[in-house]
Amino acid sequence: MLYALSSVIIFFIFWELIALYSPSPYLPDPYSVLRAFITILTVGDVDGYTLTWHAVVSLERVLLGFAVGTATGIPIGMLLGIKPTLKGAVTPIIEPLRFIPPIAWIPLSIVLLIGLWRYIFLIWIGVFFPVLLDTIAGVKRTSITLIQMARTFGADNKKIITKIVFPSSLPEIMNGLRVGLGVGWMCIVAAEMIGGEPVGLGRLILKYANLLQIDVVIVGMITIGLIGLALNYLILLLEKRMFRWRVEIRA
Amino acid sequence: MKKAILLESVSKKYEVGSSSLEVIKDLTFDVNENEFVCIVGPSGCGKTTLLRIVSGLEPPSSGRVLVFDTPPDPRRQKFGVIFQEDSLLPWRTVLGNVKFGLELQGYKETEHEKIARTYIELVGLQGFENYYPHQISGGMKKRVAIARALAINPDLILMDEPFADLDAQTRSLMQRELLNVWSKLNKTVLFITHNVEEAVFLAQRVFVLTKRPSKVKQIINIDLPYPRARLSPPFISYRERILTAFHEELEGI
Amino acid sequence: MKKSIIVLSIILIVAFGTVAGLYGTGFLSPAPKVKVRIGYLTGDLHHLALHVAVARNYFAQYGLEYELYEYINGPTLMQHFVVGELDFAYVGTPPALTARASGISSNATHLPVVIGSGNLEGSALVVNPAIIKNVGDLENKKIGTPGTGTIQDVLISTYAKNNNLTITKYPGRISDLPLQYGRGEIDGFIGWEPYPSIAAYQYNASILLTSHEIMPNHQCCVLVVSDKFLAAHPEIVDKMVAIHKASIDFINTNPAEAKQLAMNITKLPMPVIELAFSHMSFSKSVNVESIRAFLVDMIRLGIIKNIDVNQVDNFINGFINTKYVAG
């Protein structure tokens, strides 16, 4: 704790020193960033939108896309995990698709989709594949013994999936969700920089980059980082609660 | 006497690529109701396959299998199967695991808790209801599996080398407790093991299987009262008889 | 076998890297000649002078080597300009003002200095006539702009402020704006020509306001040079200004040819070009009053923060180089 605190202090001292001695006017010091933070939080940006509003709008977009990604990734992942022949059939489609980063979909999404749907689609691209792949991996790791055990108690396929395969895959699924949410959060910034809406943390950054007021750009960056951190922490907390049964719990 | 299990000329072949592997060939035996039967045989002789056939998880390639006069079907009959491997659900507590069979067998939800607690007590695990499997010992896990199997009041208990992974002390303790439970509940038990002493200690009859493809080599009645003393001369002589038959098969491999 | 392939590939990679590195640092390349780097904006007819100079080979005639860099809007261009990636730029006045203000206190920054007038006016607000019939209808409507800090953004923000209107601005890429308008994502947009004319021609948008009506005769784009470059290469700046003036003269004396050229560059039909041309004019002198007005507006809007209203005259004096461009 003490070490963590001192490393944060050292980080800010370094930042201050670099800002002080940098010849560039575009590296604001921590204090001016703090001032910009308070201004944007209380007064709002050049168009009158406050930092909270930017963050809420970005979060809303990410959570919607995340919900769609989860609602599609988990069932499809379960299906493909259970049916290896089907998985074999769709692998030639899924494998190349998953290496196309969400950012590469942006131009297409601008031409084909409108407003919120564009964000939902881009976040979905980022969330879907980690959730899908981790769900498949989780299903594959399900112990055969447990399945046979359930069968000897007369379980049908539906019961096996709901009572054995799904709970047994949950740790992997949650891992996929955590990674997916992280990726989604990173995509939103890129998506907002290009889309048209005036609100969103990505847009805030771009607005002030355009105005060459870098202190606010850094305010946006820090907000994005902090919210990403908080989201990750929330899922980890949830995992810890859900997986008390696990011997090892990731810190 | 009513037959709990009846096998007539049962064979099982697996197709592996173009060749086929015959695991069981022309196997015939029966088990009486409430009887305790042990099956011993060299490893790889198809003991586990046999158990899967008796519990209805797999059909035989040929021959007839009857459990209480019908082909085995876990969806209509109640089997209590105890596996060699750990078969507890790691995400459920001891109580949750014992409830598992009850949930699948369509017991009323209000009864689950009471029945589960009864059987947890029967296997001596009261106080551990809320522990997760990773928090308890191997022997305790086996007790949970046994409680789970017994809780549904099974027609037949099938055990596949359940104590193989336990240390010697725990193993003999578990054997005594199993006999205890069996005498209380009067169930038919088919117990698979490769441990001859275990078979003599537990069973009323011991079936020695041949090496693959398996059939019954010898059936030995153990006419000893329970509880049995492992060092008594008749116990040792039974053990030697079975070991001899067993070793003939081992050498043949 | 495998090992030798690995070794060979490592040698190849190292060799390639070395050559590329030497070339990149100028070690292997021929003695560098000054090649001016000029920034301009995507599809912007305001920069027609630059395209005329290119098409008519003026650069070669003046013995200038050049490279062109295209940006999606003025603010983005100026981000590259202030760090020294460009020597000259055709850019809107407000982004140039923002950039100069942002770096005014630093010696490391390449500050823009106006050495030529690109055009006057030349922006228009096009709207959906079914939704917006007069300026009062703009209240709470979604109006696209080519980005925060662009001249169009400043014009519409000032207009809204002066007329007590609340407008939701949708900053986007200029090339996407007609499409977004066509799909109904925005109720209208303000942009540089020819994009408003495209919307009017292709999507039947109506031209609600030209920038002439918002701010008559306002300076729009300017030709700027980096103050560092100006100090180091005044003779090159002389040539650049001469080229620029020749181009403006050509546009004004040969309007038909200029329009033809605009058509070739933009691949747009002549009616769109005609409409676009009707909204802009090309002049060799700058409208200093409008530049001063922009600066004051931008300070009021919070776009420029570190310049005080009473510093405006001083700032403008440094911004416009009167040796090259008359007021």
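This is a predicted model: local features need pLDDT of at least 70, side-chain atom pairs count only at pLDDT 80 or more; totals for chains, interfaces and linings use all residues.
**Figure 1. How the three chains meet.** Start here to get your bearings among the chains. Of the two pairs of chains in contact, chains A and C share the most contacts. Chain B and chain C have no contact with each other, and their closest C-alpha atoms are 35 Å apart.

**Figure 2. Chain A is built from helices.** Chain A has 10 helices and zero strands, and reading along its sequence gives the pattern α-α-α-α-α-α-α-α-α-α.

**Figure 3. Helix 6 and helix 8 of chain A pack against each other.** Here we look at helix 6 (residues 115-140) and helix 8 (residues 157-194) of chain A, whose axes come within 7 Å and cross at roughly 155°. That angle makes helix 6 of chain A roughly antiparallel to helix 8 of chain A. The crossing of helix 6 of chain A with helix 8 of chain A is right-handed. Sorted by class, the contact between these helices has 19 nonpolar, eight polar and three charged residues.

**Figure 4. Chain C meets chain A.** In this view, 31 residues from chain C and 17 residues from chain A make the contact. On the side of chain C that touches chain A, two or more residues come from each of helix 4 (74-82), helix 5 (93-103) and strand 8 (168-171) of chain C. That side of chain C divides into nine nonpolar, 17 polar and five charged residues.

**Figure 5. Chain B meets chain A.** This contact takes 18 residues from chain B and 15 residues from chain A. Strand 5 (79-82) and helix 2 (94-104) of chain B are the elements that give two or more residues to the side of chain B that touches chain A. The classes on that side of chain B are 11 nonpolar, five polar and two charged residues.

**Figure 6. The two domains of chain B.** Domain 1 (3-77 + 157-248) and domain 2 (88-154) make up the division of chain B. Their C-alpha centres lie 25 Å apart. Where they touch, domain 1 of chain B contributes 10 residues and domain 2 of chain B contributes seven residues. Helix 5 (residues 168-185) of chain B gives the most to the domain 1 side, with four residues. The residues on the domain 1 side of this contact in chain B are seven nonpolar, one polar and two charged.

**Figure 7. The two domains of chain C.** Chain C is assigned domain 1 (35-121 + 219-319) and domain 2 (123-214), with C-alpha centres 23 Å apart. Across the boundary, 30 residues of domain 1 of chain C are in contact with 24 residues of domain 2 of chain C. Helix 4, helix 5, helix 13 (270-277) and helix 14 of chain C each supply at least two residues of the domain 1 side. Helix 13 of chain C gives the most to that side, with five residues. By class, the domain 1 side in chain C has 17 nonpolar, 10 polar and three charged residues.

**Figure 8. Helix 5 crosses helix 14 in chain C.** The axes of helix 5 and helix 14 (residues 288-301) of chain C come within 10 Å and cross at roughly 60°. The two helices of chain C are therefore oblique to each other, and helix 5 of chain C passes helix 14 of chain C in a right-handed crossing. Look for C:T93, C:P94, C:L97 and C:T98 in helix 5 of chain C, which meet C:I291, C:F294, C:L295 and C:M298 in helix 14 of chain C. This contact divides into six nonpolar, two polar and no charged residues.

**Figure 9. A mixed, open sheet in chain C.** Five strands of chain C line up in the order 8-7-9-6-10, with mixed pairing. Strand 8 and strand 10 (206-210) of chain C are the edge strands, each pairing on one side only. On average, neighbouring strands of this sheet are turned by 25° against each other, direction ignored. Strand 7 (residues 142-145) and strand 8 of chain C run parallel and are joined by four bridges. In that pairing, C:I143 has C:K169 in strand 8 of chain C as its bridge partner. Helix 8 (residues 195-203) of chain C lies across strand 6 (123-127), strand 9 (188-192) and strand 10 of chain C, at about 30° to strand 6 of chain C.

Conventions:
Residues are numbered from 1 along each chain as its sequence is written. Chains are lettered from A and ligands numbered from 1 in the order in which they are written. Ala, Val, Leu, Ile, Met, Phe, Trp, Tyr, Cys and Pro count as nonpolar, Asp, Glu, Lys and Arg as charged, and the others, Gly among them, as polar. Domain bounds come from an automatic or database domain assignment. Two strands pair if DSSP finds at least two bridges between them. Axes are lines fitted to C-alpha atoms, for helices over the stretch in contact, and angles run from 0 to 180 degrees between N-to-C directions. Angles under 35 degrees count as roughly parallel, over 145 as roughly antiparallel, 65 to 115 as roughly perpendicular and the rest as oblique. A crossing is left-handed if the near helix is turned anticlockwise from the far one by less than a right angle, and right-handed if clockwise.
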